Amino acid sequence: MADAATALTEAQKARIERNKAKALSLRQAKLVSHPHSLTKKDTNAGDVPSSIIKVQGVKYVDSGGGFLIEQPVASTSCNPSLPDANVKVIDNAISIPVTINFNLIFIVHFTFIILKVTYEECLKCGDSFVDSFLINNFKYNVCDKCYDPEDEHALITRTEAKAEYLLKDCDFDKRDPPLLYISRKNPRNVQWGEMKLYLHLQVEQRAMEVWGDEKELMQQHENRLEKREVSKIRKYNKQMKRLRMEVRSSLYTKETKATHVHQYGEDTYNEEDDTYTHTCLTCSFTETYEKM
């Protein structure tokens, strides 16, 4: 039963022969060398490849693809300590040509850039670090491990800082050094302008520079609070006065002072009109009237 199952049919044998012949033909085609390729002779022995063409003293290699490649000249430098003419140093970047020998010669340039890394010392733990959130945004030397965004290193908006520490815009932007900030979208309304967030520690230090000490800052708060209370009282009295005038005008007396009071002389009788006339002794004003 096993021999019958493994026996191949005539069709299967014919297909196997066809595939074998196709594979052999493909293999033979790959082994055929290109008529314009380089010779396989040893170049160290002094043999010259047949595909090299010399034009006006310059040697070219026929690539077999329809174009010529200029044959590079090998370097004659044997001492590795001496600098090579092909090595160039430009602004801390070293460019070194590397030659790899195949059928064709390729020149590959590797560029090495020297980067200077500056380490900062954390003010909290004393460890050295390169990068952190506070050093990048506020130039404050604290690493990310010691960063406390909820308490010690909290952020404060510009409006809150001006109200709490009585600072002006010039204290943020004009006074040296200007305080650094980060911009964030307003969480209350995205269409509003961006918020400017400052480091609370730096804002507090700037307030001490402006007012001198915390006691003076508290005194300024008290003075502004008293002025605010006086302004409220004045506004209240003004509103009550207006209300009294509107509700009952008799309670509101307004003193008026006349510019001139007439002092009339003797009356003169007019027989034609049966009227009387008198004239002011000061301004010569004349008034005509009738007596009942």
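Colleague: Where is Leu68 found?
Modeller: Leu68 is in strand β3, residues 68-70; strands here are DSSP runs of E, at least two residues, and helices are runs of H or I, at least four residues, both numbered from the N terminus. This is a predicted model, so local features need pLDDT of at least 70 and side-chain atom pairs count only at pLDDT 80 or more, while totals for chains, interfaces and linings use all residues. Residues are numbered from 1 along each chain as its sequence is written, and side-chain values use heavy atoms, with hydrogens and water left out.
Colleague: What's the average pLDDT of the protein chain?
Modeller: The average is 77, and 70% of the residues score at least 70. pLDDT is the predictor's confidence in each residue, from 0 to 100.
Colleague: OK, new topic. Which strand does β12 join?
Modeller: β12 (residues 268-270) is joined by three bridges to β13 (residues 275-279), and the two run antiparallel. To count as a pair, two strands need at least two bridges in DSSP. Asn270 sits opposite Thr275 in β13.
Colleague: And how many residues are between the strands in that hairpin?
Modeller: Four, and Asp274 takes a positive phi near 60° in this hairpin.
Colleague: How many bridges join β13 to β14?
Modeller: Four, again with antiparallel strands, and β14 covers residues 286-289. Thr279 stands opposite Thr286 there. The hairpin of β13 and β14 has six residues between the strands, and Ser284 has a positive phi near 60°.
Colleague: What's phi for Leu166?
Modeller: Near 55°, a positive value in a residue other than glycine. Most residues other than glycine have a negative phi. Leu166 lies in the loop between α4 (158-165) and α5.
Colleague: Is that Leu166 side buried or exposed?
Modeller: Leu166 is buried, because its relative accessibility is 10%.
Colleague: And Lys139, buried or exposed?
Modeller: Lys139 is exposed, because its relative accessibility is 59%. Its phi is positive too, near 55°, and it sits in the loop between α3 (133-137) and β9.
Colleague: Last one: which residues does a cis peptide bond join?
Modeller: Asp176 and Pro177, with omega about -10°. Pro177 is in the loop between α5 (169-173) and β10 (181-184).

Definitions and conventions: Buried < 20%, exposed > 50% of the residue type's maximum accessible area, 1.4 Å probe, protein only.
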